[in-house]
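Hello,

Here is the structure I promised to hand over. Please open it first, then read my notes below.

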Amino acid sequence: MTTSSTSSADHHPTESWPLLKRMAKTYLRPHIGTLVGALLLMAVASSMTAAWAKLMEMIFDGFQSRQTDRLIELSLIILGSFVLRGLATYGHSVLMSHIGQRVVATIQNQTYGHLMNSDLSFFQDNASGTLISRMTNDVGIMRSTVVECLTGSVRGVLTLAFLIGVMFWQDWRLALGASLVFPWTALYVARKAKKLRRVASHTQAAVASFADALNQTFQGIRHVKAYGMESHEQNRVGGLTERMYALAMKAARTASAAAPITEVFSGLTIVLVLLYGAWRIGEGQSTAGALLSFMTAFLLAYEPMKRLARVNPQMQAGMAAAERIFAMLDTAPQVVNTPGAKTLPPGKHGLKLEKVSFLYADGKPALTEVDIDVPPGRTVALVGPSGAGKSSVISLILRFFDPQQGRLLIGGTDIRDVTLESLRGQIALVSQEAVLFNESVRTNIAYGRPGASDAQIEQAARSASAHDFIAALPQGYDTVIGENGLSLSGGQRQRLTIARAMLRDAPLLLLDEATSALDAESERAVQAALRQLQQGRTTLVIAHRPSALADADYVYVLDHGRVVEHGTPAELMGGGGLYARLYGLGKPASSSVDGV
């Protein structure tokens, strides 16, 4: 089993440039034409801002010399520049939003596809709330980075460049002195970048923990209320919200630290520009209009400079989110189709485990040299106390994991030599946990066989003794049954999963504690449905209750990951071994769920 670590970026932020390069190459390159169009419109909008500064000189000097004949012309030019700037701003905003939303959709589709192909161990090592946070919060932050940060930074740089050009056009000496405040601000912002990235990483980790806590609480709300733990859960979640608040304030303080010093330096620069400009006017080396134009350009440049400083925290949050997303995407699954894997041909195959040994991630043995033979069309049971390794056998057959030693054969073929799709396509699983979705009854039954007809779905439901209760539901087969089928009883939920297995019509059937959570009446109904399902199929049954073993042709007894007994139920009952001790008095073994 492999342990993934999607949160490594939380503590060791990488450099921004490789992340930016990867984001641009992966997500922006397909939209290069749209991006170029947006950049051109940004340049138009920025140039209009710079044009206003130059127009101020012409207007002021015109008033001073009482030459107002061009006033109407200049007024129309100013109005035109505002209209052009507004249209350009609208255009680049829409184009960048288009890019951003497409990037979000692409990342979410890519991430979800990667998760669906990840190993089961990945989901054991990462809480569902954390993964949901990656798909929603982190991807949303990346969208903001692509759209708002890219738009704000590029437009800010362009506006700054045009305005600095106007300042140098008016007076290069004065512009050189006034521009010293810009690189100082940029240097200060760069020094704060790593700290902002660390804070952003910790914030996103806290948001993931918050989402995970909510997910756990909502899923277990019945137990929360039954045990009177509302206050405990409120305090636990309250601690997480306080953590997020503290991190948000730390980010705000770090991001805002440059503002006071920048304001002081900018104010000092403005005073010096005014004094120097007044001296030049007094010496006849400049005009009041030129000074006003210069001051207008400097003041207009001051705003994009501050905007660039404000973009930095958002950029660092986006980089932290990208690290976490890419760390997840870079976690390669270990269980994959081997080179040259073939399609498992359909048919009634037998199942064999030959000297199979399997270790948990911590190195603890789960199975040791296990030999099991399930002949074609026969029913074989696995029994033993909790933790004996029974559920591990099921997981290996489905190739959720691969054994460290030994082979699993289906129809005489090593399952590692066939494709995962064809292997799992010939297996139907009915487990203790009746996994249903917040969809209609029809959709839940057809889950393993998309495209099944209504007649096929209804026939599967009848075979599973489920049709009568389905017909009594408010909308029959179109009734939405709620999350995990909570609107149904335990027996009804289980019969729907059996109907799903029947509709799948797979030749190999795995029954993992399929009736252990049911009452006696529900168990009888489900057992009747299971007998119908087992007909003509190769079946491996895991069971604790003696009633579930009645149809077994052969039994393997596991204890501490080893086969300690095997034989027919009658042979084992008379053998005086573990099987007889577990079932001899008609008492079931512990019904705890085995760990995988």
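Helices (H or I, at least four residues) and strands (E, at least two) are DSSP runs, numbered from the N terminus. This is a predicted model: local features need pLDDT of at least 70, side-chain atom pairs count only at pLDDT 80 or more, and totals for chains, interfaces and linings use all residues. Residues are numbered from 1 along each chain as its sequence is written, and side-chain values use heavy atoms, without hydrogens and water.

Surface first. Ile-72 lies in helix 3 (residues 71–116). Ile-72 counts as exposed because its relative accessibility is 65% (exposed is over 50%, buried under 20%, partly exposed in between; 1.4 Å probe, protein chains only).

The largest nonpolar core has 45 residues. Such a core is a set of buried Ala, Val, Leu, Ile, Met, Phe, Trp, Tyr and Cys residues joined through side-chain atoms within 4.5 Å. Ile-445, Ile-470, Leu-496 and Ile-498 have the most contacts inside this core. Helix 17 (residues 490–504) gives the largest share, 6 residues. A second, separate core has 34 residues, including Ile-99, Phe-122, Met-142 and Ala-322.

Strand 1 (residues 351–359) and strand 4 (residues 405–410) are joined by 5 bridges. Lys-352 sits opposite Leu-409 in strand 4.

Best regards

Key
Pairing = 2+ DSSP bridges.
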